[in-house]
Amino acid sequence: MNKRTLAGTALAVAAAAGVGSVASPARTPVWFARIRKPRYQPPGAVFPVVWTTLYTDIAATSAITIDRFRAAGRDDKARGYIAALGANLVLNAGWSWLFFRYHKLGASALGAAVLAASSADLVRRAAEADPRAAAALAPYPAWCGFATVLSADIWRLNR
């Protein structure tokens, strides 16, 4: 794996995580404590563990994917993946703003669904470069799919 590529994907992922964390509270706000949540809502301690793991995975598998496309002379595919990754990271960071900062439950459920589709698209693109990278990235859209169901239920319970 090219260290420059990994540095670039890691920086992009860290930027998205940072922008999203600005909107997310350091402690559970009163608003979040008061809204109704489904019984299957994971404990709060699960989320930072899952997201740290996923962010590491996204950076590494994206670097591998980009490098494989470039090594195969498929620079157009590398550029397409980079653009899709950028859009995905904007969606990723944006969800926290919709949910935690603005309390837009319906919009955050829709945002989670779009993020899940975007994440699945990253897996599809990665599969063109390296099926193992795609397999490694597969937990990302799976978690985003779960987040979509969870967000939609929170919206439903609080309408």
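**Entry 1: what covers H4.** I looked up what covers the buried residues of H4, and found that the cover includes helix H1 (3–23), H2, H3, H5, H6 and H7. I took buried as under 20% relative accessible area, exposed as over 50% and partly exposed as in between (1.4 Å probe, protein chains only). Contact means heavy atoms within 4.5 Å. Helices are DSSP runs (H or I, at least four residues), numbered from the N terminus. Among the buried residues of H4 I noted Tyr-81, Leu-85, Asn-88, Trp-95 and Phe-99.

**A note on the model.** This is a predicted model, where local features need pLDDT of at least 70 and side-chain atom pairs count only at pLDDT 80 or more, while totals for chains, interfaces and linings use all residues. Residues are numbered from 1 along each chain as its sequence is written, and side-chain values use heavy atoms, with hydrogens and water left out.

**Entry 2: lengths.** The expected span of a helix is 1.5 Å times one less than its number of residues. H4 has 27 residues and should span 39 Å; I found its end C-alpha atoms 38 Å apart, which agrees. H5 (residues 105–129) has 25 residues and reaches 36 Å from first C-alpha to last, close to the 36 Å expected.

**Entry 3: H4 against H5.** How do these two pack? Their angle is about 160°, with the axes 9 Å apart, so H4 is roughly antiparallel to H5. Axes here are lines fitted to C-alpha atoms, for helices over the stretch in contact, and angles run from 0 to 180 degrees between N-to-C directions. Under 35 degrees counts as roughly parallel, over 145 as roughly antiparallel, 65 to 115 as roughly perpendicular and the rest as oblique.

**Entry 4: H5 against H7.** The axes of H5 and H7 come within 8 Å and cross at roughly 165°, so this pair is roughly antiparallel too. I noted that Leu-105, Ala-112 and Leu-122 are among the H5 residues in this contact, and that the H7 side includes Tyr-140, Cys-144 and Trp-155.

**Entry 5: Gln-41.** Is Gln-41 buried or exposed? At 19% relative accessibility, Gln-41 counts as buried. I found Gln-41 in the loop between H2 and H3. Leaving aside neighbours within four places in sequence, Gln-41 is in contact with Phe-32, Phe-47, Leu-150 and Ile-154.

Technical notes
Helix = DSSP H or I, 4+ residues; strand = E, 2+ residues; numbered from the N terminus.
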